Amino acid sequence: DMGEEARLRRLHRDHYQRLVATAAADWCGVREVEWLSRLRRELPNLRTALDFCVTEPGQADNGLEIAVNLTRVRSWFFTSTIGEGRHWLERTCALSAPGPRRTDALAMLSWVALLQGDHRLAERHLAEHRTTASPVATYLEGAHAMLARSDAGAIPVLARARDMFRRADAPGDAHMATMLWAMACAFFGAPDTARA
C-alpha cells in the first residue's frame, strides 16, 4: 500500500533527522569521532532520508535541515563526500521556502563551494545574505574574506561570528569560527594572538 510506504518513509526520515540534529548539537567534544563514525555508517540511510525529502511533496525543509546539520557536523568532509554534500544542499535549497533556515543553508552551500575552490558560487550566495545578522552568514563572510580575498578584515568578522555562535550556545560552530579566526590572525600578522 502506497500510504503505508509513505508513512514508513516519514518515520525513517524523522529518525534520521533527529539523529543528525543531535549529532550537530553534540559533535564538538569528546564524542566527535563517535558521531562522525556513526554518521559514516549511516550514510546509506541518510541518503534514503534525503531522497525522500526531495521527492515527496512538502518534505524539502526537512531535507534542508538534514543536509545543513550533516555539513555543520562536518560529515561530508569526514566521509570524503563533499561533492555529495553540495548536491544535497543545492537540491534542498532549490525546493525549500525562503526564510532563516534556507538562508543558513545557502551559507553552508557557500562554505562548501568556497572549500571546493568555487569562489564565484560562494560569492553569489554570500551576496544573497550579506544583510542578514545570522551567525552562519557572518562566519561565511569572514571565511570568504580570508580564503578568497586574502583580506585582513576577516579577523574582526570571524571574531564576531565566534561571539555570535557562543551566545547562540553553538559550541561546535564557535569552535570552527575560533579556528578560522586564529588562522586569519596568523596569516595577517597577529601570530601572538593566533597562538593564544
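Contact here means that heavy atoms lie within 4.5 Å. The model is predicted. The protein has 12 helices and zero strands.

**Overall form**
- Read along the sequence, the pattern is α-α-α-α-α-α-α-α-α-α-α-α.
- The radius of gyration is 17 Å, close to the 16 Å that the globule rule gives for 196 residues, so the protein is as compact as a globular protein of that length.
- The C-alpha trace spans about 65 × 35 × 30 Å along its principal axes.
- Of the 196 residues, 47% are buried.
- Among contacts between residues at least 6 apart in sequence, 60% join residues at least 24 apart.

**Packing of H1 and H4**
- Helix H1 covers residues 2-26 and helix H4 covers residues 60-72.
- The two helices pack at an angle of about 35°, their axes 9 Å apart, and their crossing is left-handed.
- On the H1 side, Arg-13, Gln-17, Val-20, Ala-21 and Ala-24 take part; they meet Asn-62, Glu-65, Ile-66, Asn-69, Leu-70 and Arg-72 of H4.
- By class, this contact has five nonpolar, three polar and three charged residues.

**Helix H4**
- H4 has 13 residues and reaches 18 Å from its first C-alpha to its last, close to the 18 Å expected at 1.5 Å a residue.
- H4 is mostly covered, with 11 of its 13 residues buried.
- Among the buried residues of H4 are Asn-62, Ile-66, Asn-69, Leu-70 and Arg-72, which also meet H1.
- Just after H4, Arg-74 takes a positive phi of about 70°.

Notes. Residues numbered from 1 in each chain as written. Predicted model: local features only at pLDDT ≥ 70, side-chain atom pairs only at ≥ 80, totals over all residues. Heavy atoms only, no water. Axes fitted to C-alpha atoms, helices over the stretch in contact; angles between N-to-C directions. Helix = DSSP H or I, 4+ residues; strand = E, 2+ residues; numbered from the N terminus. Left-handed = near helix turned anticlockwise from the far one by under 90°. Nonpolar A, V, L, I, M, F, W, Y, C, P; charged D, E, K, R; others polar. Expected span 1.5 Å × (residues − 1). Buried < 20%, exposed > 50% of the residue type's maximum accessible area, 1.4 Å probe, protein only. Rg over C-alpha atoms; globule rule 2.2 N^0.38 Å.
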